[in-house]
Amino acid sequence: MALDPQAKALLDMVYRVGAPRFHELDVHQARHSFEKLQFALRPEAPAVASVTDVPIPQAHARDGVIMARLYRPLHAEPDAVLPLVFYFHGGGWCVGNIPSYDVLCRELANYSECAVLSVDYRLAPEHPFPAAVEDAHRAVVWSLANAGLLGVDPARFALAGDSAGGTLSAVTALQLRNECGPSAAHQVLIYPCTDILSQRPSRRAYSNGYFLDTESLAWFFEKYLPSDSDWSDWRASPLLAPRFDGLPPATFIVAGCDPLTDDVRAYADALREAGNVVRLYEFEGMVHGFVTLGKFFPQAREAVELAGKALAEALKSPA
């Protein structure tokens, strides 16, 4: 698939100035570089009704807290009990944070008319797999148990995320199903990584020169999964889960020129074949990571609005 002209312009600029790729940086440099890109190319932050930092206690007090940030949509009344969307940010489980995703979460709150809880899960390599998985699950379980404190309806919630965060959303949905826990009304999975060891064609077709290259993927995977980890664990690669029945309806957003696209399609097919409701939207010519870069890509605004409206439809009050 040919690159969109705007995507080509961005990549030409990045490679022309010789910007280092993730695998050429140490972790702290990579985090700074990622944050700079997000802040430079994200849209202006829309107003919302309120923004509240939420410390979520870990199961054991010695482990401290998971920080999260709760956004209430612009037109929400102060005492309204809202549906809740959990958002897990991207960044290969190694980079990314709440501030980098502030604009996206504000947009999702306004488009969906739901509260959005952005979760700052622990990052690798300081906290390798399965720390992020455990934090995502803990954030959901605690928040639903303390819905009154957050002003949300525990019976109406959804899971959403992009890239590594999309993987965490998918894995959390599987975990909740396995333990017969509460079921999300919907999941929005934006170009998630579903099979770490994949050899599907898109991994080769877009292996170099399309922003997320093979070397950078390997850098993320090796930081996230220590040498003694089981790389076939379905909590790292949800496409390897033993079954896919009984999962929430899913909206997938994929980029046409992304090495992960065929893996996302395979996961969508697995869910559909197991009887789940699936919708997949492909943005032709886009590269991995485009959704947060709305100042540069008009398609990003379209994708975020699509995601928000899917959440609004899934979480609307019953008649």
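Biologist: In which loop is Pro-130 found?

Modeller: In this predicted model, a cis peptide bond joins Phe-129 and Pro-130, with omega of about 10 degrees. Most peptide bonds are trans. As for its place in the chain, Pro-130 is found in the loop between β4 and α4.

Biologist: Which residue does a cis peptide bond join to Pro-125?

Modeller: Pro-125 lies in the loop between β4 (115–120) and α4 (131–145). The cis peptide bond there has an omega of about 5 degrees. The residue joined to Pro-125 by this bond is Ala-124.

Biologist: What is the mean pLDDT of α1?

Modeller: Where pLDDT is low, the predicted coordinates should not be read in detail. The protein chain averages a pLDDT of 95, and 99% of the residues score at least 70. Among the elements, strand β6 (residues 186–190) has the highest mean, 99. The lowest mean belongs to α1, at 87.

Biologist: Which element supplies the largest share of the lining of the largest pocket?

Modeller: The largest pocket has a volume of about 450 Å³ and is lined by 19 residues, with Val-14, Ala-19, Ser-33, Leu-37 and Phe-211 nearest its centre. The elements that give two or more residues to this lining are α1 (5–16) and α2 (27–41). By class, the lining divides into 14 nonpolar, two polar and three charged residues. The largest share, six residues, comes from α2.

Biologist: Which residues are closest to the centre of the largest cavity?

Modeller: The structure holds two cavities of 30 Å³ or more, and about 280 Å³ of space lies in the largest cavity. Its lining has 16 nonpolar, eight polar and one charged residues, and α2 and α8 (214–224) each supply at least two residues of that lining. Of the 25 lining residues, the closest to the centre are Phe-34, Gly-91, Gly-92, Ser-163 and His-288.

Biologist: Is Ser-163 buried or exposed?

Modeller: Ser-163 lies in the loop between β5 (152–162) and α6 (164–178). Its phi is positive, about 55 degrees, although Ser-163 is not a glycine. Because buried means under 20% relative accessible area, the 11% relative accessibility of Ser-163 makes this residue buried.

Biologist: What is the relative accessible area of Tyr-191?

Modeller: Most residues other than glycine have a negative phi. Tyr-191, found in the loop between β6 and α7 (201–205), has a positive phi near 30 degrees. Tyr-191 is buried, with a relative accessible area of 1%.

Biologist: Which residues in the largest nonpolar core touch the most other members?

Modeller: Not counting residues up to four places away in sequence, Phe-290 touches Tyr-191, Ile-253, Val-254, Ala-255, Phe-283, Phe-297, Gln-299, Ala-300 and Ala-303. The largest nonpolar core has 112 residues. Those that touch the most other members are Tyr-267 and Phe-290.

Biologist: How much space lies in the second largest cavity?

Modeller: The residues that line the second largest cavity are Arg-42, Pro-43, Ser-100, Val-103, Leu-104, Glu-107, Val-291 and Thr-292. By class, they divide into four nonpolar, two polar and two charged. The space in the second largest cavity is about 50 Å³.

Definitions and conventions
Residues numbered from 1 in each chain as written. Predicted model: local features only at pLDDT ≥ 70, side-chain atom pairs only at ≥ 80, totals over all residues. Heavy atoms only, no water. 1 Å grid on protein atoms, 1.4 Å probe; cavity = no way out; pocket = protein on both sides within 12 Å on 5 of 7 lines; lining within 4 Å. Points joined across faces, edges and corners; volume = space filled by probe spheres on them. Helix = DSSP H or I, 4+ residues; strand = E, 2+ residues; numbered from the N terminus. Nonpolar A, V, L, I, M, F, W, Y, C, P; charged D, E, K, R; others polar. pLDDT = per-residue confidence, 0-100. Core = buried A, V, L, I, M, F, W, Y, C linked by side-chain atoms within 4.5 Å. Buried < 20%, exposed > 50% of the residue type's maximum accessible area, 1.4 Å probe, protein only. Contact = heavy atoms within 4.5 Å.
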